[in-house]
Amino acid sequence: MSEGTMQRAAESVQHQSRIERMERVERSVRAPRARVLVGAAVVPMMLLAVGCSSGSDSDSASADDAPSEVAESALNDTSTPEVVEAAYAVLPNACEVFSQKTLKSLVPEGAKSGKAINTAEANVTGDCRWTSLDDNGVDGSQYRWLSVSLHLLESNAANGPGEDRAHTAFESKVTAAQAVDGAKKVKSEPVTGTGDEATAVSYDLEKKDEGTFKQQTIVVRTENVVITLDYNGAGLAGEKAPDAAALLKSAKSAAKEVVEAVEEANESDSAASKSPSSGATKTPSKGATKGSSSSDGSGSDVSSDSDSSGSGSSTTGGSSSSDSRKSSR
């Protein structure tokens, strides 16, 4: 082999060695770069995971805070529930709810004997009583006793709508009428066409040295007003006892007249409150108050002015019906 050939062979070996060394260096450089790039990719993933975790905790905290915020809002709510005004705001004068014709029929000898009882607060309750004695001497006498009680119950936030309160009072008064001490042959029946609901309670009361009193009690609710009408009769000194059915018929008719008087009193009050010249204003009652029981002509309590709320007082009403209305009936 010539010297030139040997030299070229040596140079070729050296060149190959340099190429291999350069490839090894390049590989060694690329490997760390790859590791760095992989690490860089991991960092954003970790940050993303932390971000999601943080958002989840925030949502959880907001959810936990929600009930407390609702509870605090409820505690801070001091608004008063709206109460619907009752239909009636005034009562007629209890001693003027009957026409003279009606009084002449029920208490013929005492048509002008009407007497207000248990006077107290106007437009809460009203009561009036009439007595009649047709004295025929030794031939006996016919006795009649009539009373009417009015009870207005207003609407308020504490006790609810006036109509609901009146319904409760109505039921209470019916129960009381059915449980009068000493009552015999007690009968009850609904009365149609009178107010929103009405019940008639009939019974006998035996009184020593006086005879048998035939008692008729009509309890009526018209809107937020409760009416209790008591009517009884007796034959004294040997006179025959009056017919209970006739007394009941008269009592039912009189109860309708009282309902009309309540309606008219409130219609007049409403018209007066709308008139610029009248200066009248509608004044609702200040609540029901408890009144004394009125005693019937036989000395037995047959009417109660108390209602289920445990409050009440008696008075003649502040708004009266006109005499012209009564004379026209």
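This note goes through a predicted model point by point, from the overall fold to single residues.

1. Overall composition. The chain has 329 residues, of which 38% count as buried, and its secondary structure comes to 5 helices and 9 strands. Read along the sequence, these elements follow the pattern α-α-β-β-β-α-β-β-β-β-α-β-β-α. Among contacts between residues at least 6 apart in sequence, 65% join residues at least 24 apart.

2. The sheet. An open sheet is formed by 7 strands with antiparallel pairing, and their order is β1-β2-β3-β7-β6-β5-β4. Strands β1 (115-116) and β4 (184-190) stand at the edges with a single partner strand each, so one side of each is left without a neighbour in the sheet.

3. Strand β3 and its two partners. On one side, β3 pairs with strand β2 (residues 125-135) in the antiparallel sense over 11 bridges, and within this pairing Asp127 stands opposite Ser149 of β3. The two strands form a hairpin with 5 residues between them, and in its turn Gly137 has a positive phi of about 65°. The pairing of β3 with strand β7 (residues 225-236) is likewise described as antiparallel and runs over 12 bridges; here the bridge partner of Ser147 is Asp230 in β7.

4. Burial of β3. Which residues point each way from β3, and are they buried or exposed? Ser141, Tyr143, Trp145, Ser147, Ser149 and His151 point one way, whereas Gln142, Arg144, Leu146, Val148, Leu150 and Leu152 point the other way, and all are buried. Since 12 of the 12 residues of β3 are buried, the strand is largely enclosed by the rest of the structure.

5. Arg144. This residue is placed in strand β3 (residues 141-152), and it deserves a separate comment. Arg144 counts as buried because its relative accessibility is 15%, and the cut-off for buried is under 20%. The side chain of Arg144 makes a polar contact of 2.8 Å with the side chain of Gln142, a residue that points the same way from β3 as Arg144 does. Leaving aside neighbours within four places in sequence, Arg144 is in contact with residues including Leu106, Val107, Trp130, Thr131, Ser132, Tyr231, Asn232 and Pro242. Glu109 is 35 residues from Arg144 in sequence, and their C-alpha atoms are 8.8 Å apart in space.

6. The β4, β5 and β6 part of the sheet. Strand β5 (residues 197-207) is joined to strand β6 (residues 211-222) by 11 bridges, and the two run antiparallel; Leu205 has Phe213 as its bridge partner in β6. Strands β4 and β5, which also run antiparallel, are joined by 5 bridges, with Pro190 bridged to Thr199 in β5. These two strands form a hairpin with 6 residues between them, and Gly193 in the turn has a positive phi of about 70°.

7. The largest pocket. The volume of this pocket is about 210 Å³. Its lining consists of 13 residues, of which Lys185, Lys187, Ser202, Gln216 and Ala244 lie nearest the centre. At least two lining residues come from each of β4, β5, β6 and α4 (244-274). By class, the lining has 5 nonpolar, 3 polar and 5 charged residues.

8. Ser202, one of the residues nearest the pocket centre. Ser202 is found in strand β5 and is buried, with a relative accessible area of 15%. The side chains of Ser202 and Gln216 are joined by a polar contact of 2.6 Å. Not counting residues up to four places away in sequence, Ser202 touches Lys185, Val186, Lys187, Gln215, Gln216 and Leu248.

9. Backbone angles to check. Most residues other than glycine have a negative phi. Against that background, two residues may be looked at on the model. Lys185, which is not a glycine, has a positive phi of about 55°; Lys185 is found in strand β4 and is exposed, with a relative accessible area of 65%. Glu223, also not a glycine, has a positive phi of about 55°; Glu223 lies in the loop between β6 and β7 and counts as partly exposed at 28% relative accessibility.

Technical notes
Residues numbered from 1 in each chain as written. Predicted model: local features only at pLDDT ≥ 70, side-chain atom pairs only at ≥ 80, totals over all residues. Heavy atoms only, no water. Helix = DSSP H or I, 4+ residues; strand = E, 2+ residues; numbered from the N terminus. Buried < 20%, exposed > 50% of the residue type's maximum accessible area, 1.4 Å probe, protein only. Contact = heavy atoms within 4.5 Å. Polar contact = N/O pair within 3.5 Å; in protein donor to acceptor, adjacent residues only side chain to side chain. Pairing = 2+ DSSP bridges. 1 Å grid on protein atoms, 1.4 Å probe; cavity = no way out; pocket = protein on both sides within 12 Å on 5 of 7 lines; lining within 4 Å. Points joined across faces, edges and corners; volume = space filled by probe spheres on them. Nonpolar A, V, L, I, M, F, W, Y, C, P; charged D, E, K, R; others polar.
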